[in-house]
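Here are a few notes to read alongside the model.

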Amino acid sequence: MGTGGMGSLAGALLTSRMTDRFGVGPVIIIGFAVSPLAQVPLLLAGPGRGWQIVLAATLAAQLFWATAAGVSQRTLRQILCAPAFQGRMQAVSTTMTAGSRPLAAASAGALALVLDVPVVLAVGALLQIVPVLLLLASPVRALRTMPVLPTPAAVPPAREGTS
């Protein structure tokens, strides 16, 4: 877990360099694409220190890209969302992601009753490809830099005595 945390910290520190080099959209898409790929070593792992090292390195890479993608997508949403709706936007995002976890856990548990655990893990990894496909089909794919929205025209102060 400590190695994964170091990967996440590195991702947070390097996100702006990565988006400058690869583009915002590709960083978001790669971040989402690494997650299902990171499940492969878990499916193949056996006992022993060698697999522990592989899994720790995989987790570090996964959290590196997940953090970079998360920072990039939140920044993009904050640029595109009006300030008055920032709280709602973040609340909906958090509810959709964190709120789906109990349902996913219950579904995985139910599947594990009828299928082998490795099969359930493989199904979970395959389902993680869906967001990647959606992102590849979206305008995010071509996004290289963060959009710069025009600043709204200043509203002149109201004149006193007029109605």
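This is a predicted model: local features need pLDDT of at least 70, side-chain atom pairs count only at pLDDT 80 or more; totals for chains, interfaces and linings use all residues.

Which residues in α1 meet which residues in α3?

1. On the α1 side, the residues in question are T3, G4, G5, G7, S8, A10, G11, A12, L14, T15, M18 and T19. Their partners in α3 are A56, L59, A60, L63, F64, W65, T67, A68, V71 and S72. Sorted by class, the residues of this contact comprise twelve nonpolar, ten polar and no charged.

2. Now for the geometry of that pair. Helix α1 covers residues 2-22, and its axis comes within 7 Å of the axis of α3, with a crossing angle of roughly 40 degrees. An angle under 35 degrees would count as roughly parallel, and one of 65 to 115 as roughly perpendicular; α1 and α3 are therefore oblique to each other. The crossing of α1 past α3 is right-handed.

3. T19 deserves a look of its own. It sits in helix α1, and T19 is one of the α1 residues that meet α3. Is T19 buried or exposed? Its relative accessible area is 12%, and the limit for buried is under 20%, so T19 counts as buried. Once neighbours within four places in sequence are set aside, T19 has contacts with V24, V27, S72 and R144. Of these, S72 is among the α3 residues listed in point 1.

4. Next, W51, which belongs to helix α3, the stretch of residues 49-80. With a relative accessibility of 29%, W51 is classed as partly exposed. What does W51 touch, if residues up to four places away in sequence are not counted? The answer is P41, L44, A45 and G46. For P41 there is also a distance to check: P41 and W51 are ten residues apart in sequence, and their C-alpha atoms lie 8.3 Å apart in space.

5. Finally, please turn to another helix pair, α5 (residues 117-127) and α6 (residues 129-136). Their axes come within 4 Å and cross at roughly 10 degrees, so α5 and α6 are roughly parallel to each other. A125, L126 and L127 of α5 make the contact with I129, V130 and P131 of α6. By class, this contact of α5 with α6 holds six nonpolar residues, no polar ones and no charged ones.

Key: Residues are numbered from 1 along each chain as its sequence is written. Side-chain values use heavy atoms; hydrogens and water are left out. Helices (H or I, at least four residues) and strands (E, at least two) are DSSP runs, numbered from the N terminus. Buried means under 20% relative accessible area, exposed over 50%, partly exposed in between (1.4 Å probe, protein chains only). Contact means heavy atoms within 4.5 Å. Axes are lines fitted to C-alpha atoms, for helices over the stretch in contact, and angles run from 0 to 180 degrees between N-to-C directions. Angles under 35 degrees count as roughly parallel, over 145 as roughly antiparallel, 65 to 115 as roughly perpendicular and the rest as oblique. A crossing is left-handed if the near helix is turned anticlockwise from the far one by less than a right angle, and right-handed if clockwise. Ala, Val, Leu, Ile, Met, Phe, Trp, Tyr, Cys and Pro count as nonpolar, Asp, Glu, Lys and Arg as charged, and the others, Gly among them, as polar.
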